[in-house]
Amino acid sequence: MVALNIIRLISVAGILVGLLSESVVGQNCGCAPDYCCSKDGYCGKEAAYCGEGCQQGPCTPPPPTNGVVVADIVTPEFFNGIINQDAGCPGKNFYSRDAFLEALNSYPRFGRVGTQDDSKREIAAFFAHASHETEKFCFIEEKDGAKQDYCNETNIQWPCAPGKLYYGRGPLQLTWNYNYGPAGKSIGFDGLQAPETVANDRIVSFKTAFWFWMSNIHSIITSGQGFGATINRINGALECNGADTPKVQSRVNYYTSYCTQLGVQPGDNLSC
């Protein structure tokens, strides 16, 4: 009986080790041949793993790009009409169309998937969220951001650096260590040790916005889920389902205004 119990314990231990090993492997990719490695480094077979951002395995090819030239849509008149011209705005001399377009070179799929109207809606959505987050590009950094705690200490993959703060910076106000870390790795700066780079380098600043957008929002807006779904992805827990209706309406107002300027219908599902 004792021997049998020992054998059972060994078997259980082996199963647990196997499960742990599979979990660890899953988080670092190295998936089984018929599994996809997601953009976040996890193994699976669903669209969330094999779709946009899939790193390896039987990934689903992304839809082809169209012939849209984003610079032809984001004209100087459109961009400069958004920028807050108040002399007291720190972003007035930081954000520029040239910086936007230079950063865009690293993200060739932005605004170039689907029909021309799809492209216009994605561009309108990007600028709507950026306008809301920065008050039309007035602010580079989050107001009173230094007083906030955006360090998720449970995230050991992207650990917070001593003395560094991960409050909102840039067009989409990048926050949290788990966003600064991978954004920096992808773009080419140390997001954990030097998060202030996002507020000091205008190209990097726009690139962090594109990085977040392409990693989290692009597939939502291009798949026709509507602008409301993008709000939910960006700040749903704090704004959607009645949590902060004025902020949701602010984003929607910017979006519909920019759609009008670009000559495209905003589509359905505008709110969340």
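**Helix packing and a pocket, question by question**

Tutor: Helix 11 and helix 12 cross in a right-handed way. Keep in mind that this model is predicted.

Student: What makes helix 11 and helix 12 roughly antiparallel?

Tutor: Their packing angle is about 155 degrees. Angles over 145 count as roughly antiparallel. Helix 11 and helix 12 are therefore roughly antiparallel to each other. Their axes lie 11 Å apart.

Student: Which residues of helix 11 and helix 12 make the contact?

Tutor: Helix 11 gives Phe227, Ile231, Ile234, Asn235 and Glu239. Helix 12 gives Thr245, Lys247, Val248, Arg251, Val252 and Tyr255. By class, that contact has 6 nonpolar, 2 polar and 3 charged residues.

Student: Which residues meet where helix 6 contacts helix 9?

Tutor: Glu122, Ala125, Phe126 and His129 of helix 6 meet Ala209, Phe210, Trp213 and Met214 of helix 9. By class, the contact has 6 nonpolar, 1 polar and 1 charged residues.

Student: What volume does the second largest pocket have, and which elements give two or more residues to its lining?

Tutor: Its volume is about 240 Å³. Those elements are helix 2 (47–50), helix 9 and helix 10 (218–222). The lining has 6 nonpolar, 5 polar and 4 charged residues.

Notes: Residues numbered from 1 in each chain as written. Predicted model: local features only at pLDDT ≥ 70, side-chain atom pairs only at ≥ 80, totals over all residues. Heavy atoms only, no water. Contact = heavy atoms within 4.5 Å. Helix = DSSP H or I, 4+ residues; strand = E, 2+ residues; numbered from the N terminus. Nonpolar A, V, L, I, M, F, W, Y, C, P; charged D, E, K, R; others polar. 1 Å grid on protein atoms, 1.4 Å probe; cavity = no way out; pocket = protein on both sides within 12 Å on 5 of 7 lines; lining within 4 Å. Points joined across faces, edges and corners; volume = space filled by probe spheres on them. Axes fitted to C-alpha atoms, helices over the stretch in contact; angles between N-to-C directions. Parallel < 35°, antiparallel > 145°, perpendicular 65-115°, else oblique. Left-handed = near helix turned anticlockwise from the far one by under 90°.
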